[in-house]
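Dear colleague,

Please read them with the structure open beside you.

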Amino acid sequence: MQPLLVCGGLIAGYDRPVVGPVSFDLYAGEVVGLLGSNGAGKSTLLKALTGQARIFDGCLTRAPGLRMAHHRQQPVRPRECPLTGDDLVRLTGAGRRTPPDDVARLLDCRMDQLSGGQFQIVQIWACLGSPADLILLDEPTNNLDPEATAGLIRLIREGLGGRTLLVVSHEADFIQTVCSRVVPVSP
Amino acid sequence: MLELLLDPLFHLPFVTGLLLAPVAAMVGVYLRLRDEWLAALAYAQLAGAGGVVAVALHAPVILGAVVAAGGLAVIKGLLTRPGNDHYVIFILVGWGVALVASAFSAHGDMVGKSLMDGQLYFTGRPHLMAAVALIVAGVLCLPWLSGCLLMSRFYPDHFSANGLSARPHQITFDLLVVATVAITTTSFGVMAAFALLFVPAWIAWRLARGWVWVLWLAAGIAVAAYLLSFVLAAALDQPFGPVLVLVLAAISLLRWLSMPVPGRR
């Protein structure tokens, strides 16, 4: 089976290198975790995959036609924002799928009226429900209490539908629970 | 008063304004989406200055406005992250150039004054044709453009992550803004054009729930304000631009009559 994505000795950063060298392959249907301490460069690595950070060395090979969705560590959320959760999931194409109940009850609300945790869950569904082949989740447990984190784990298991997930988190327990493989990341 | 409104001389300006008001308001919604609301005033001021300079060069006013606003769009595209500070400089330059250029001839002075005052009644057939063309272009490209602009705002790395170029929709939007502002400014005047771009979007942003409603509400507010202003300006024999600005300023109070400032729970 051909990998969806190959990272070979990747060194990435901005003005200067921040992370790497890191090597890993991603195959269809895998859930892979990037685990590392704060400041290890996990988010920078994801940004390198999406073209938002500079690659200093190494190779990054993508399968032809690969579609990616990226849930950022700090998703864009203007202070005043009239878009509803429904607008957001329609935008990414997640509106074509039936959302879980935990998500569905939030979709009518304006984004600026959701709590941090509710907004996080809607954002994650907007990525998981999209038609992307590879979904990148950066610190998806941010703003979530233990109950919401349990809901997130259900969401990932039920919403992934055989696609590939790359998760960044500094929470080892969460990574061990949802991922089939873990890649350590260090500066 | 009714006789004034039914005067055939007013028909063409009335229809032109009625077409332009909702278009400007909807473009204003997208400028707000991109945090570029101050750019609207910079575009309007430079379009006004371009119109006055065009008179000095014996060129059509609309052409001068389009060229000046287009120049701003090009400069904006060259700046990686144009901030409000840049737009303030463009506003000041536009104001200064408009006043200096208007001093060169009596005609330039008259055009400059009408652009600053906002005299809708001076609009002619070219404005109407331009407004119709603008609406056709907007209707054709908005379904595609809207999705791209929203994706760029809320998922900034969507395009680079998927090997797509963001330039086509950025350039298309800039062209749409340039055309809208140039035509609206030369029809309504500088401050009235800015008010139409800013106020309806600002109110709708607060009151509406959902993206489609923001667009419809902004367009509705703009049309209502326009109709009221047209009647008031004719009845009170006042220049149209300032009346429209004052009506929009009064309508903006709606923001404070709605729910409290949205707070995140």
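**Chain A and its interface with chain B**

From the N terminus on, the elements of chain A follow the order β-β-β-α-β-β-α-α-α-β-α-β-α-β, which amounts to six helices and eight strands, helices (H or I, at least four residues) and strands (E, at least two) being DSSP runs numbered from the N terminus. The radius of gyration of chain A, taken over C-alpha atoms, is 16 Å, close to the 16 Å that the globule rule (2.2 Å times the number of residues to the power 0.38) gives for 187 residues, so chain A is as compact as a globular protein of that length.

This is a predicted model, in which local features need pLDDT of at least 70 and side-chain atom pairs count only at pLDDT 80 or more, while totals for chains, interfaces and linings use all residues. Residues are numbered from 1 along each chain as its sequence is written, chains are lettered from A and ligands numbered from 1 in the order in which they are written, and side-chain values use heavy atoms, with hydrogens and water left out.

Turning to the interface, 35 residues of chain A are in contact (heavy atoms within 4.5 Å) with 26 residues of chain B. The two chains bury about 2700 Å² between them, 52% of it on carbon and sulfur atoms, where buried area is the accessible area (1.4 Å probe) lost on putting the two parts together, summed over both. A:Glu80, A:Pro82 and A:Leu91 supply 22% of the area that chain A buries against chain B, more than any other three residues.

A:Glu80 also joins its side chain to that of B:Arg255 in a salt bridge (3.2 Å, N to O), the rule being a side-chain nitrogen of Lys or Arg within 4 Å of a carboxyl oxygen of Asp or Glu; two salt bridges are found across this interface.

Lastly, in chain B, B:Ser252 lies in the loop between helix H12 (240-251) and helix H13 (254-257), and B:Ser252 is buried, with a relative accessible area of 9%. Not counting residues up to four places away in sequence, B:Ser252 touches B:Val199, B:Trp202 and B:Ile203, and a polar atom of its side chain lies 2.5 Å from the backbone oxygen of B:Ala249.

Key
Buried means under 20% relative accessible area, exposed over 50%, partly exposed in between (1.4 Å probe, protein chains only). A polar contact is a pair of N or O atoms within 3.5 Å; within protein, one must be able to donate a hydrogen and the other to accept it, and residues adjacent in sequence count only if both atoms are side-chain atoms.
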